Amino acid sequence: MPTPMRLNAAAFISPQNHPILVRNFTSVKQDDLKYHYVAHTSLDVIEERLAASSKQNECYLGLLYSMEDLAVYGFVTPMRLRIVIALALSDAVVRDADVVLIFKALHSAYCRSLANPFLRLYTPTDADPATLLTFGGADRFKAFKQHVDEVGKAVTGNTEIKA
């Protein structure tokens, strides 16, 4: 039986290249900085792919790169939000359809959180919707983290994702 995919991290990056959320699904707390690095280095690859691509309607960018024990995949929404996931490398075959489902679930979690009418309270009036989550405060940001954690639990089958 093949080993299931293991989602190590998910990152949401605004169109202005500001990290909205970088979520670590491993049990090692020291990996947080590593996944911030992975998210930021993937931006260069994403920009190259978008500049070279003639298809502007393609959201899924595929495998961006692999390093050490990670395979990094990218997704760009029509509103230019970048979603990056880091999967653990294994001997199992990772199908693109499975990765696209993960991205669609993460994008859906982002959209549900952004559609919260109370998210705009106490935010700067000139903020664009992509940065509202960063100004949202701990309580409003917690719901988005929970939605992303649900996706992480569904992918990995791990019920003990750290808070």
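A: L70 counts as buried because its relative accessibility is 0%, where buried means under 20% relative accessible area, exposed over 50% and partly exposed in between, with a 1.4 Å probe and protein chains only. The model is a predicted one, in which local features need pLDDT of at least 70 and side-chain atom pairs count only at pLDDT 80 or more, while totals for chains, interfaces and linings use all residues. Residues are numbered from 1 along each chain as its sequence is written, and side-chain values use heavy atoms, with hydrogens and water left out.

L70 lies in strand 4 (residues 70-76); helices (H or I, at least four residues) and strands (E, at least two) are DSSP runs, numbered from the N terminus. Once its neighbours within four places in sequence are set aside, L70 is in contact with N8, K34, Y35, V38, Y65, A86, L87 and L89, contact meaning heavy atoms within 4.5 Å. Between L70 and A88, which are 18 residues apart in sequence, the C-alpha to C-alpha distance is 4.8 Å.

As for the setting of this residue, the chain has 4 helices and 5 strands, which follow one another along the sequence as β-β-α-β-β-β-α-α-α. Of its 163 residues, 44% count as buried, and among contacts in the chain with a separation of 6 or more, 52% come from residues 24 or more positions apart. Buried residues also occur in helix 2, namely V99, V100, I102, F103, L106, A109, Y110 and S113.
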